[in-house]
Amino acid sequence: MAGDQQELIQNAINFAREGRLEEAEKAFIQVRDADPNNPDCYANIGVVLRQQGKVDAALASYQYALSIDPKHSGALYNCANILRDGRRYEEAVDLYLRALKINPEQVAILNNLGLSLQAVGRQEEAIGYYHQAQKLQPDQAYLFDNIGNAYLELENFPHAMASYRQALDIDPNFSPALAHMGITFSKDNKPDDAIKWLRRALAVDPRSIDALNAMGNALRVLGQDQEAIACFRRALDVDPNFPEAISNLGVSFNDLGDLEQALAAARRAVQISPKNPIYHWTCALVLLRAGQFKEGWNEYEWRWQTPELNKQQRN
């Protein structure tokens with residue numbers, strides 16, 4: 001019986017490696033049915049289900065594995081990844097921390113924990129975990145890039161740039177760090193320097209939506225709205241539903257006085273990301289300029305949920 005079980009497991013693993021996912025799923029289910037209290041069975045089924053795009057079923061399988069063994073590291077990590085992908089960041093943080101207690105030196109856990117912490121605004125904590133990961137794998141450019149991104153969120157531009165330079169010391173053609181250097185200069189109100197870095201990023205990766213979007217912003221600041229529009233449109237060729245580029249496209253059209261296209265873009269950004277206050281506020285500005293005051297003032301109330309404006313005292 002044990003030999004038969006081992007053969008089933010090996011068959012399932014082979015199916016998965018060969019990309020025969022439905023067969024792998026069926027084989028792992030046979031293993032589970034023969035040993036229903038084995039958490040590994042449910043964890044393995046979760047992996048195969050997720051590879052097939054059955055995310056909810058995969059999550060349920062991981063959670064069942066954890067109901068049998070709350071310290072199953074694979075189920076904890078994979079369950080957390082699904083939650084992070086679903087923007088359930090606080091829940092993901094909890095599971096990553098539990099997984100980290102079991103595997104304190106696993107770089108993937110440290111990195112994804114940092115990404116989840118960043119998503120909920122806990123930048124300093126994220127930096128700490130990135131540094132732990134970086135000490136374990138000091139030759140990984142993406143870890144320095146993530147550290148830089150956290151500093152950028154804190155508006156600590158010198159530390160952000162230093163981290164991006166460390167990433168580029170490892171890999172001079174690491175496109176995300178090149179793009180993020182440009183974004184940092186742009187946020188630091190240095191559009192000319194931003195453009196230089198963004199051109200380097202786009203030379204490496206012409207389809208980088210972050211670099212294209214940031215290039216558009218820098219060009220718009222310099223009054224080159226037509227060139228900015230071209231960049232935003234290139235970003236949208238890569239991802240037609242990238243709300244930041246859509247919103248920025250609307251801002252450029254607004255700058256040029258094309259209110260019809262500005263309003264269409266602003267509304268599209270709100271439709272895609274309805275909880276983002278910046279897109280509502282941008283939409284409000286276009287509506288008010290177009291004389292659509294009732295809708296415009298309603299949208300304008302979102303300004304108090306916009307961090308940049310919320311720093312100002314409300315009258």
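Author: Helices (H or I, at least four residues) and strands (E, at least two) are DSSP runs, numbered from the N terminus. By that rule the chain has 19 helices and zero strands. This is a predicted model, in which local features need pLDDT of at least 70 and side-chain atom pairs count only at pLDDT 80 or more, while totals for chains, interfaces and linings use all residues. Residues are numbered from 1 along each chain as its sequence is written, and side-chain values use heavy atoms, leaving out hydrogens and water.

Reader: What box do the C-alpha atoms of the chain fill?

Author: Taken along the principal axes, the box is roughly 75 × 45 × 40 Å. Contact means heavy atoms within 4.5 Å. Among contacts in the chain with a separation of 6 or more, 43% are between residues 24 or more positions apart.

Reader: At what angle do helix 5 and helix 6 pack?

Author: Helix 5 (residues 73-85) and helix 6 (residues 89-102) pack at about 160°, and their axes are 8 Å apart. The axes are lines fitted to C-alpha atoms, for helices over the stretch in contact, and angles run from 0 to 180 degrees between N-to-C directions. Angles under 35 degrees count as roughly parallel, over 145 as roughly antiparallel, 65 to 115 as roughly perpendicular and the rest as oblique. The angle of about 160° is over 145, so helix 5 is roughly antiparallel to helix 6.

Reader: How do helix 7 and helix 8 pack, and how do they cross?

Author: Helix 7 (residues 107-119) and helix 8 (residues 123-136) also pack at about 160°, with axes 8 Å apart. They are therefore roughly antiparallel to each other. Their crossing is left-handed.

Reader: What is the angle between helix 15 and helix 17?

Author: Helix 15 (residues 243-255) and helix 17 (residues 277-289) pack at an angle of about 25°, with their axes 10 Å apart. That is under 35 degrees, so helix 15 is roughly parallel to helix 17. Helix 15 also passes helix 17 in a left-handed crossing. Val 251 of helix 15 and Val 286 of helix 17 are among the residues that make the contact. By class it has four nonpolar, three polar and three charged residues.

Reader: What makes two rings an aromatic pair?

Author: Rings of Phe, Tyr and Trp (its six-membered ring) pair if their centres lie within 6.5 Å; planes under 30 degrees apart count as stacked, over 60 as edge-to-face and the rest as tilted. By this rule there are three aromatic pairs. One of them, Tyr 42 with Tyr 64, is 4.6 Å centre to centre with 45° between the planes, hence tilted. Tyr 42 lies in helix 3 (residues 39-51) and Tyr 64 in helix 4 (residues 55-68), so the pair ties together parts 22 residues apart in sequence.

Reader: What kind of aromatic pair do Trp 297 and Tyr 300 form?

Author: Edge-to-face: their centres are 5.4 Å apart, and the 80° between the planes is over 60. Both lie in helix 18 (residues 293-300), three residues apart, about one turn of the helix.

Reader: Why does Ser 163 count as buried?

Author: Its relative accessible area is 5%, which is under 20%, so Ser 163 is buried. Ser 163 sits in helix 10 (residues 157-170). Not counting residues up to four places away in sequence, Ser 163 touches Phe 144, Ile 147, Gly 148 and Tyr 151.

Terms used. A crossing is left-handed if the near helix is turned anticlockwise from the far one by less than a right angle, and right-handed if clockwise. Buried means under 20% relative accessible area, exposed over 50%, partly exposed in between (1.4 Å probe, protein chains only). Ala, Val, Leu, Ile, Met, Phe, Trp, Tyr, Cys and Pro count as nonpolar, Asp, Glu, Lys and Arg as charged, and the others, Gly among them, as polar.
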